[in-house]
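Please have the model open while reading.

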Amino acid sequence: MEEKQMNWTEVREHWLQDINALYEKVKEWLQEPLAEQLVLIGWTEHTISEEGLGTYKAPGLKIFAKMKQIEFIPVGRLIIGAQGRIDIFTDKGDLMLLKTENEGEWILKEKKRGGLHEKWDEKSFLEMMRWAVA
């Protein structure tokens, strides 16, 4: 079997663009609560090392709402069965976002039990927020 030549720099840059696009969507969905100062957001930076991609910095996102914190931390691009993973940490439990092979689509899943499995969109985001801050 002929091994496909990978442009790892391109793969890494595309992954970082995917992360930033996801965070931009979250900011868009939070536009009204942010304007009303009902939620605040902050940024973190995480060092990730992956074979082929090397060591790189990736952004994390923190949302502060009702004395609670929801933290998005990128895990990596080279994930079995996905095109990338971001973990979401809340006081209620941990979730993960998996990037699907469909361009721009993410799936929200429970980290431990795996029961939750739904498309990441504004509706699932708002449900997750309500659950996390309740």
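The text below treats the sheet and its helices, then the salt bridges.

The model is predicted: local features need pLDDT of at least 70, side-chain atom pairs count only at pLDDT 80 or more, and totals for chains, interfaces and linings use all residues. Residues are numbered from 1 along each chain as its sequence is written, and side-chain values use heavy atoms, with hydrogens and water left out.

**Sheet and helices**

Helices (H or I, at least four residues) and strands (E, at least two) are DSSP runs, numbered from the N terminus. Two strands pair if DSSP finds at least two bridges between them. An open sheet is formed by 7 strands in the order S1-S2-S3-S4-S5-S6-S7, with antiparallel pairing. Strand S1 (39-50) and S7 are the edge strands, each pairing on one side only. On average, neighbouring strands of this sheet are turned by 20° against each other, direction ignored. S6 and S7 pair in the antiparallel sense over 3 bridges, and Lys 119 in S7 is the bridge partner of Ile 107.

Angles run from 0 to 180 degrees between N-to-C directions, and axes are lines fitted to C-alpha atoms, for helices over the stretch in contact; contact means heavy atoms within 4.5 Å. H1 lies across S1, strand S2 (54-65), strand S3 (68-76), S4, strand S5 (94-99) and S6, and runs at about 5° to S2. Helix H3 (residues 122-133) also packs on the sheet, where H3 touches S2, S3, S4, S5, S6 and S7; its direction makes about 125° with that of S3.

**Salt bridges**

A salt bridge is a side-chain nitrogen of Lys or Arg within 4 Å of a carboxyl oxygen of Asp or Glu. The whole structure holds 8 salt bridges, including these:

| Pair | Closest N and O atoms |
|---|---|
| Glu 24 and Lys 27 | 3.4 Å |
| Glu 28 and Lys 25 | 3.5 Å |
| Lys 111 and Asp 87 | 2.8 Å |

Glu 24 and Lys 27 both lie in helix H1 (residues 8-29), 3 residues apart, about one turn of the helix. Glu 28 and Lys 25 are likewise 3 residues apart in helix H1, separated by about one helical turn.

Buried means under 20% relative accessible area, exposed over 50%, and partly exposed in between (1.4 Å probe, protein chains only). Lys 111 is partly exposed at 28% relative accessibility, whereas Asp 87 is buried at 5%.
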